[in-house]
Every structure is written in structure tokens, then in C-alpha cells.
Amino acid sequence: MSESSPTVDVLVIGGNGRVGASTVRWLHTLSCRWPESVPLRLAIGGRSRTKFEAVRKRLKLPELVFRSVDLDAGMESLVTAVHGVRLVVHTAGPFQGRTQPDLLRACIASRVPYCDVCDEFSLSRHAKGLFGDAVAAGVPAVVSCGIWPGVSALMAAEAVQQLGGPQICEGLELSFFTAGTGGAGPTIVSATFLLLATRVLTYVDGMLTEKEPWTERRVVDFGAGVGRHACLLLDNPDVPTTVESLAVANCASRFGTAPGVWNSLFAVMKLLPRELLINRAAMQAVALFSMPVIRVVDKLVGATNAMRIDAVSKADAESGMPLKVMLRCVHADLEDCVGQATAAFAMEMLRGRAGASSAEQTIPAGVWYPVELQAKARTNILEVARENALVWEI
């Protein structure tokens with residue numbers, strides 16, 4: 001199959017990376033369960049064929065193909081790269097420092113559905129600005145998919161619904177924990193470093209309030225098998241997108257890791273000059289340099305990923321006490337569950353778009369945040385994300 005072949009179902013940009021490769025593996029697994037039992041024709045888009053060959057061998061997917069994709073090569077190149085594809089999944093982070101959703105623009109120009117794992121709000125905001133263009137082209141797009149952001153936003157929407165709806169929800173607390181780095185590669189590690197230079201978007205009494213990252217420590221109980229861990233403020237696009245969609249007055253996102261010394265090291269990293277922290281190349285170099293130590297620690301502490309969403313109402317008229325809803329989920333391995341979650345969003349986007357009734361489609365044309373997806377899509381994606389979960393209190 002040639003690189004320019006139009007017979008590709010899903011093109012995973014950044015599929016040579018750990019998140020992208022996990023997404024490819026889950027796309028193959030999930031598509032093999034379709035009633036027709038015909039696996040998706042998958043392609044990895046990236047710069048290195050050598051890395052691709054290694055990934056193909058590791059995944060044991062001989063039918064996997066390669067497309068040369070350079071995200072910085074210009075619009076014409078990107079339009080060519082996505083030509084003839086049914087869906088593009090963008091996993092090539094880190095997204096920090098990027099301001100323009102050029103790959104989404106190329107997909108809209110080519111009338112190709114699109115989703116990404118963008119964890120940078122300013123970039124996802126620019127993507128949202130293309131809503132009208134996507135509708136006009138008949139292209140559905142979902143930005144900030146994955147496990148968090150992504151499934152976490154679906155959990156937030158679910159928590160608010162269980163509480164009784166946006167009209168009574170006063171606040172949301174989003175808390176996340178990953179043992180070590182969750183077995184993540186240097187790209188995710190460098191993204192975390194970049195976030196330490198990013199002001200944290202929170203909402204206090206309905207007002208957007210920027211706060212210093214890695215502050216306001218709270219101890220959060222993530223449930224059986226994980227326990228209580230310290231979490232600190234870290235920017236997350238789930239916060240502004242959820243507030244905009246659900247009109248919640250108070251919302252913040254916190255993250256913690258283990259061993260505790262990692263939290264301390266992040267605090268030390270934050271002391272570096274901001275111009276160094278926002279330097280993508282420098283942070284990638286630091287991450288690569290740190291990987292031998294990180295790998296050793298990861299082997300000792302595991303790769304557990306845990307999420308907890310708390311929704312709180314205003315004081316109840318009868319009892320005078322607020323109502324509360326708490327949702328939690330835990331997976332054994334971050335790399336695996338982020339690929340699983342990303343693939344779940346992708347499969348939902350493919351629903352009803354090739355030979356099936358359009359009535360099955362749950363994601364219409366436009367650019368959507370996960371929290372905006374209709375209840376049926378949310379249920380379908382959460383059902384996939386539930387698989388292999390160690391804790392699923394939703």
C-alpha cells in the first residue's frame with residue numbers, strides 16, 4: 001500500500017509516539033469487534049519511517065501503513081497528507097506553544113472528520129473558532145479528547161447531570177493522579193514541564209481567575225487501590241470548556257503524582273526562568289535526559305491513572321446542606337488508557353459515517369469540546385473507557 005493511497009480509514013498523526021501507538025492498538029482492537037468484523041485500515045502519520053517500522057513490529061500490525069506528515073510544512077502539504085482519509089486523529093504533542101490548528105484546517109478543507117488530544121486551551125479555543133467552517137463543510141471535529149482532558153470532561157457532564165443539572169450545580173473539582181509518569185514517554189513529560197509555566201485557569205464565583213501553577217495543595221482520596229494523594233493546581237482545558245458549557249460558577253483542576261518526591265521536583269522545576277520552561281526544545285531535552293531515572297522509578301511505582309470528579313450544589317432548601325456527587329475511575333496504566341479513551345472518541349466519530357444509517361451518527365458537523373457531546377455519545381464513549389478499569393464509580 002503506497003503512502004498516497006486513498007484507502008486509509010484512520011490516520012493517526014503522531015502514531016509513532018507512545019500515546020499515538022496506544023491509540024492505534026486500541027483502534028485495531030475495537031474495530032475487530034464491529035459486527036462486520038472488518039478491522040479499520042490504519043495509517044501512522046509522522047516524520048520517521050524508521051520509528052514507524054519499529055512501532056509496526058511492536059504492535060504486530062503488518063497491514064499498518066506510513067504516511068509522511070510534517071505539521072510545520074504548510075497547509076498544502078497537510079491537505080495532501082489527509083487526502084482520502086475517513087478520520088484524522090492528532091496525537092502529536094506537546095501542544096503547548098502551538099497557537100494555530102493547521103491540521104484541523106486541512107481536514108476541514110479536505111472534508112475529513114478530525115479529533116485530537118490537545119491539552120492546551122488557547123489552541124483548542126482557536127480550533128473552536130473554526131466551528132462555522134466545519135459546519136459549512138459538513139465536518140465533525142472533537143478537540144481535547146483522550147483520558148484527561150477528554151473522558152474527564154464526560155465525567156464532569158455526567159456528575160452535573162446526576163446532581164440535577166447545571167441550574168443547581170455550584171462547583172466542580174477535577175482531580176487527577178498518575179503513579180510516576182504513568183509509563184509515559186518524553187513528550188508527555190515535557191508537556192508537564194511546559195504546563196508549569198502556564199497560568200492555571202480557574203473559576204471562582206463565576207469569574208475567570210488565573211492562578212499560579214503547582215499551588216493550593218489538597219489531599220484527594222481516589223479510592224481503593226490508590227488511596228489519598230496530594231494534588232496541586234495544573235492547567236486543564238476541561239475547566240474553561242466545562243464552565244462555558246454547563247455554566248458552573250466554581251471549577252478548578254488539580255494533579256498529583258507518586259512518589260511524593262516527584263511533586264517536590266515539579267515545584268523545583270517551576271522555579272526555573274519562565275523563558276526556559278516555555279522552550280519546547282529545551283523541555284524535550286530535559287525530559288529525554290531524565291528518562292533513565294524516570295524509567296527506574298516507574299518500574300517501582302507502576303503506572304496507575306486515577307480521576308475523581310466532585311460536583312457540589314447550592315445549599316438544599318430543606319436541609320440547608322449542599323448536595324454532592326463524586327465520580328471516580330482508575331486504570332492500571334496511563335499509556336494504555338489514554339489510547340483506549342482516544343480510540344473510543346474516534347470510534348464514536350466513525351459511527352454511522354460509512355455505509356450505516358445517518359441516524360446512528362451522534363456527533364454532528366462542527367467543532368466540539370467533549371463536554372458538549374450529546375448524552376448518547378457520552379454513554380458510548382464511557383462504555384468503552386470502562387473496559388479494564390480497576391475502579392469505575394460512575
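Biologist: Why is phenylalanine 176 called buried?

Modeller: In this predicted model, phenylalanine 176 has a relative accessible area of 0%. Buried means under 20%, so phenylalanine 176 is buried.

Biologist: And what makes tryptophan 148 partly exposed?

Modeller: The relative accessible area of tryptophan 148 is 22%.

Biologist: Why is phenylalanine 131 counted as partly exposed, and why is tryptophan 368 counted as buried?

Modeller: Phenylalanine 131 has 29% relative accessibility, so it counts as partly exposed. Tryptophan 368 has 17%, which is under 20%, and therefore counts as buried.

Biologist: What makes the pair of tryptophan 148 and phenylalanine 176 stacked?

Modeller: The ring centres of tryptophan 148 and phenylalanine 176 are 4.4 Å apart, and the planes are at 10°. A pair needs centres within 6.5 Å, and stacked needs planes under 30 degrees apart, so the pair is stacked.

Biologist: Which parts of the chain does this pair tie together?

Modeller: Tryptophan 148 lies in helix H7 (residues 147-163) and phenylalanine 176 in strand S7 (residues 169-179), so the pair ties together parts that are 28 residues apart in sequence. Both residues also belong to one aromatic cluster, together with Phe193, Trp214, Phe255 and Phe266.

Biologist: Why is the pair of phenylalanine 131 and tryptophan 368 called edge-to-face?

Modeller: The angle between the planes is 85° and the centres are 5.1 Å apart. Edge-to-face means over 60 degrees, so phenylalanine 131 and tryptophan 368 form an edge-to-face pair. Phenylalanine 131 is in helix H6 (residues 131-137) and tryptophan 368 in strand S15 (residues 366-368), 237 residues apart. The count of aromatic pairs comes to eight.

Biologist: How do you know that the charged end of lysine 128 sits over the ring of tyrosine 369?

Modeller: The charged end of lysine 128 is 5.1 Å from the ring centre of tyrosine 369. The distance cut-off is within 6 Å, with a further limit of within 35 degrees of the ring normal. The charged end of lysine 128 is listed as sitting over this ring.

Biologist: What makes helix H9 mostly covered?

Modeller: Seven of the nine residues of helix H9 (residues 238-246) are buried. Among them are Asp238, Val239, Pro240 and Leu246. The buried residues of H9 pack against helix H5 (121-128), H7, S7, strand S8 (200-204) and strand S12 (250-258).

Biologist: What follows H9?

Modeller: Alanine 247 follows H9, and its phi is positive, near 55°.

Notes:
Residues numbered from 1 in each chain as written. Predicted model: local features only at pLDDT ≥ 70, side-chain atom pairs only at ≥ 80, totals over all residues. Heavy atoms only, no water. Phe/Tyr/Trp six-rings, centres within 6.5 Å; stacked < 30°, edge-to-face > 60°. Helix = DSSP H or I, 4+ residues; strand = E, 2+ residues; numbered from the N terminus. Buried < 20%, exposed > 50% of the residue type's maximum accessible area, 1.4 Å probe, protein only. Contact = heavy atoms within 4.5 Å.
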